Amino acid sequence: MKQNLFTIKRSLLTGAFFAIMSVAFVSCGGGGGSTSGSDSANNNASADDALIGAGSSFDNPLFSKQFAEYNKVGGLKVNYQSVGSGAGISQLTNKTVDFGASDAPMNGKQDSALTAPAIHIPITAGAVVLSYNLPEVKDTLMLSPEVLANIFLGTITKWNDPKIAAINKGVKLPATSIVIAHRSDGSGTSNIFTTYLSKVSADWNTKVGKGSSVNWPVGLGGKGNEGVAGLIKQTPGAIGYIELAYAIQNQMAYAKVQNKAGNFITPSIASVTAAANVQIPADSKISLTNTEATDGYPISGFSWVIIYKEQKYNSRTQERATSLLKLLSWMIHDGQQFSGALNYAPLSPAAVSVGDAILKSATYDGKAILQ
Amino acid sequence: MDTSVENGIVTRSELQLRVTNSTPEAIAAKAKKSLKRSFRHIRTESVFKRTLIIMGLVMVILVLGIFLTLVVQSLPSIKSLGLKYLWGKVWDPVQDIYGAFPFLLGTLISSFLALIISIPFSVAVAIFLGEYHPKGWLPDFLKNTVELIAAVPSVIYGFWGLAILVPMVRTLENHIGVEPVGVGIFSSSLILAVMIIPYAASLGRSMIQLVPSPLKEAAYGLGATRWEVIRSVVLPYTKSGLFAGILLSLGRALGETMAVTMVIGNTSIIPKNIFAPGNTMASVIANEFTEADKPVYVSALIELGLVLFLVTVVINLIGKKIIDRFTND
């Protein structure tokens with residue numbers, strides 16, 4: 001009896017050991033080969049019908065609301081992982097998700113890593129605002145593109161600089177030094193902001209450039225919107241960029257920015273939607289920064305959902321492809337009604353019609369999915 | 001039962017008693033049973049030993065595996081950037097220029113500064129708990145409190161640092177006339193110092209308690225004061241243990257990520273003084289990994305992990321050498 005018990009114990013021990021070893025080896029293999037990961041994801045997906053998406057953390061609050069509502073209407077579950085735009089794109093590249101979401105269109109290198117062409121569907125729009133900490137200044141600060149670029153390049157270092165005073169007539173600006181706060185983590189917010197600065201300032205374009213992480217000439221880095229907001233709130237004389245939704249929810253002061261038409265625009269849901277009401281190219285890969293729209297806020301940007309154009313890959317069923325396309329179509333139409341309450345800018349009519357055309361171009365085995 | 005209980009022969013007489021009372025069959029059965037029992041013991045012993053060896057090997061394989069993964073994954077970056085990576089001063093993902101020097105410097109400065117700040121506290125706590133008051137409710141309370149410091153998640157230190165410590169550092173910076181930003185290497189070193197105290201303190205306390213009392217008693221007998229006993233008996237006897245504890249806490253400081261990234265200021269500019277903002281290797285990896293969108297960029301970040309790994313190994317090896325020398329003296 002006792003011996004039996006012992007044998008059982010021993011076999012349990014060996015079993016546990018092999019289990020540990022196999023886990024170790026599987027995770028070793030995971031880094032090198034993307035195929036094993038995609039297979040397991042597909043198996044998971046077929047086990048329950050939930051669609052899987054990954055990407056932009058900026059989209060996450062809106063997506064959570066939209067997917068919950070769509071579950072009520074369409075009875076479809078969507079599993080969204082808010083891992084960041086770059087990670088979302090790489091998961092789509094590895095075919096471990098049904099769709100990726102990104103605050104920036106895929107760049108050339110990311111495109112070339114794909115085995116099949118992908119399409120971008122504009123899903124919502126957001127804005128980046130300049131928040132500042134100047135307790136003495138009661139009026140809303142106004143900033144022009146040149147001043148903004150020079151502040152972030154470190155060439156304007158005091159708040160009472162004549163260049164700032166020239167556009168803020170009648171405002172008593174303090175003589176404190178400007179402390180710049182930027183994102184330390186790679187983010188779509190940084191990408192929109194640096195893309196804007198690259199467009200409006202030749203100096204910025206050559207010295208720094210655009211990207212989700214750049215080599216900041218000056219300033220402090222904070223992790224996430226909350227990190228930057230924390231730095232701004234704490235440091236007198238600080239200025240930094242954060243998402244519009246975050247600034248509204250936390251009642252932070254933010255500046256008016258002069259757009260291409262010369263108007264000083266207060267960032268708001270309306271002015272962001274207005275920024276998107278321009279001629280949009282057929283592939284929708286347009287940066288809304290420095291928009292032509294006369295009443296549009298210049299530091300705005302689309303967020304995209306990215307899917308493969310040919311939906312038949314890795315033994316995907318036609319039902320799965322159809323439900324994905326139906327979901328995306330619902331998101332750019334009925335789903336937009338949930339934007340406002342969450343401080344996202346609804347898509348402009350121009351963007352919706354381009355999005356429709358792009359969705360119709362998606363195919364399953366060569367045939368269009370949506371009619 | 002008329003066995004004598006004197007001089008420890010109780011078992012023997014009991015055995016004799018039982019044997020005389022048994023039949024030959026019973027004796028044989030008993031012998032067989034005890035034989036089986038000892039076989040089983042031997043087998044348990046060997047299985048246990050084998051398990052220990054396997055577990056030990058798993059750890060070795062794991063560390064080697066991590067090292068190999070880091071090397072293999074950072075090959076693209078090593079190929080395209082070469083050794084310049086180590087002393088390059090610019091980290092520019094847009095133009096694919098990666099230099100790890102500012103982060104290497106930030107990691108080393110913030111960790112060693114934290115160590116310097118924490119040593120007086122950890123040694124004092126160790127001496128207090130190990131020598132002055134080993135027992136009683138107050139030392140118990142102090143001991144548990146110090147150990148609790150190690151159990152607090154680092155993100156909480158980060159928040160506390162950002163909300164409480166950074167404004168205080170900013171006031172200090174205003175007084176001494178450096179740029180008053182608050183966040184920076186000094187703030188992160190303060191947070192790190194608090195976080196690493198328990199490691200050195202608990203090891204130091206156990207080492208001090210292990211000092212043989214005859215040594216101390218002899219010193220007291222020669223008329224030494226308490227301070228003299230600590231200085232010339234306890235500390236020399238425990239220095240390798242204390243040093244090992246300090247090394248352990250340095251390892252913790254080198255790898256700490258979350259709390260540091262929240263208060264260090266995260267700039268890739270080489271710090272001009274200890275109050276300037278900087279960045280560490282661990283926090284750069286944590287910050288930039290998710291959005292690294294180019295293969296070389298990812299590889300450069302992994303190489304940063306490799307450098308951190310090697311720095312830790314080198315510091316540990318140096319530490320081992322120093323401990324060996326202490327012990328040989």
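1. Residues are numbered from 1 along each chain as its sequence is written, with chains lettered from A and ligands numbered from 1 in the order in which they are written. Because the model is predicted, local features need pLDDT of at least 70 and side-chain atom pairs count only at pLDDT 80 or more, while totals for chains, interfaces and linings use all residues.

2. Helices here are DSSP runs of H or I with at least four residues, strands are runs of E with at least two, and both are numbered from the N terminus.

3. Among the buried residues of α13(A) are L324(A), L328(A) and M331(A), where buried means 20 or more other C-beta atoms within 10 Å of the residue's own, exposed 12 or fewer, and partly exposed in between, with C-beta atoms placed from the backbone.

4. Q251(A), which is not a glycine, has a positive phi of about 50° and sits in the loop between α11 (244-249) and β9 (256-258) of chain A. Q251(A) counts as exposed, because it has 6 C-beta neighbours inside 10 Å.

5. N343(A), also not a glycine, has a positive phi of about 65° and lies in the loop between α13 and α14 (349-360) of chain A. N343(A) is buried, with 20 other C-beta atoms within 10 Å.
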